[in-house]
Amino acid sequence: MSKTLLSLVLIAPILTGFTGCAAAALGVGAGVLISQEMMDNNIYVGQLNSDVNKVWSSAKTTLSHASLKPIDVDNEVRTATAEVDGAKVTINVETYDLNRSLLKVTAKKYGVNNGEIAEMMFNKIVGDLEHP
């Protein structure tokens with residue numbers, strides 16, 4: 001097999017993967033959520049196609065509505081904590097890029113990670129951003 005043909009065979013899957021990623025990014029770019037991933041079993045992280053101040057404001061409001069008790073807020077680092085369904089839920093909003101934000105949601109219930117509640121709150125925050 002010639003070197004050129006071998007190079008094309010080795011590079012083709014890589015190029016196909018990149019075009020698939022670009023197409024996926026273009027398709028999702030119209031909405032609020034750009035990407036989402038779960039780290040450990042209780043941390044949900046997502047890149048949002050929205051200004052950090054808008055995401056922070058909406059996230060605090062959503063967390064406040066989900067909790068029966070007052071929420072604890074630190075505006076300087078954009079972190080808020082509240083009790084939701086018996087779990088301690090913490091949200092953090094960071095600047096990712098110009099008009100893009102990073103949202104992190106964690107939850108612990110009885111001192112144990114609770115991915116279900118973290119995912120539920122993450123989805124509520126994103127949903128409220130998409131449909132205010």
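Strands are taken here as DSSP runs of E of at least two residues, numbered from the N terminus, and Asn-92 is placed in one of them, strand β5. The model examined is a predicted one. Its secondary structure comprises three helices and seven strands, which follow one another from the N terminus in the order α-β-β-α-β-β-β-β-β-α.

Of the 132 residues in the protein, 31% are buried. The accessible surface amounts to about 8200 Å², and carbon and sulfur atoms contribute 57% of this area. Among contacts with a separation of 6 or more, 46% involve residues 24 or more positions apart.

The largest nonpolar core contains 24 residues. Within this core, the residues with the most contacts are Leu-63, Val-89, Ile-91, Val-93, Leu-103, Val-105 and Ile-125. Two or more core residues are supplied by each of β2 (43-48), α2, β4, β5, β6 and α3 (115-130). Helix α3 provides the largest share, with seven residues.

Helix α3 consists of 16 residues and extends 22 Å from its first C-alpha to its last, close to the 22 Å expected at 1.5 Å a residue. Its buried residues are Gly-115, Ile-117, Ala-118, Met-121, Phe-122, Ile-125, Val-126 and Leu-129. The N-terminal end of α3 is capped by Asn-114, a side-chain oxygen of which lies 3.3 Å from the backbone nitrogen of Glu-116.

The side chain of Asn-92 makes a polar contact of 2.8 Å with the side chain of Thr-79, and reaches the backbone oxygen of Val-77 at 3.3 Å. Apart from neighbours within four places in sequence, the residues in contact with Asn-92 are Val-77, Arg-78, Thr-79, Leu-102, Leu-103 and Lys-104.

Side chains of opposite charge can pair when their charged atoms come close. Two salt bridges are present in the structure. In one of them, the side chains of Lys-69 and Glu-83 meet at an N to O distance of 3.2 Å. Because Lys-69 lies in the loop between α2 (52-66) and β3 (72-74), and Glu-83 in strand β4 (residues 79-84), this pair ties together parts that are 14 residues apart in sequence. Both residues are partly exposed, with relative accessibility of 48% for Lys-69 and 38% for Glu-83.

The other salt bridge joins the side chains of Lys-104 and Glu-94, at 3.4 Å from N to O. Lys-104 belongs to strand β6 (residues 100-109) and Glu-94 to strand β5 (residues 87-97), so the pair links parts that are 10 residues apart in sequence. Lys-104 is partly exposed at a relative accessible area of 29%, and Glu-94 is likewise partly exposed, at 29%.

Notes. Residues numbered from 1 in each chain as written. Predicted model: local features only at pLDDT ≥ 70, side-chain atom pairs only at ≥ 80, totals over all residues. Heavy atoms only, no water. Helix = DSSP H or I, 4+ residues; strand = E, 2+ residues; numbered from the N terminus. Buried < 20%, exposed > 50% of the residue type's maximum accessible area, 1.4 Å probe, protein only. Contact = heavy atoms within 4.5 Å. Areas by Shrake-Rupley, 256 points an atom, 1.4 Å probe, with all protein chains shown as cover. Salt bridge = Lys/Arg side-chain N within 4 Å of Asp/Glu carboxyl O. Core = buried A, V, L, I, M, F, W, Y, C linked by side-chain atoms within 4.5 Å. Expected span 1.5 Å × (residues − 1). Polar contact = N/O pair within 3.5 Å; in protein donor to acceptor, adjacent residues only side chain to side chain.
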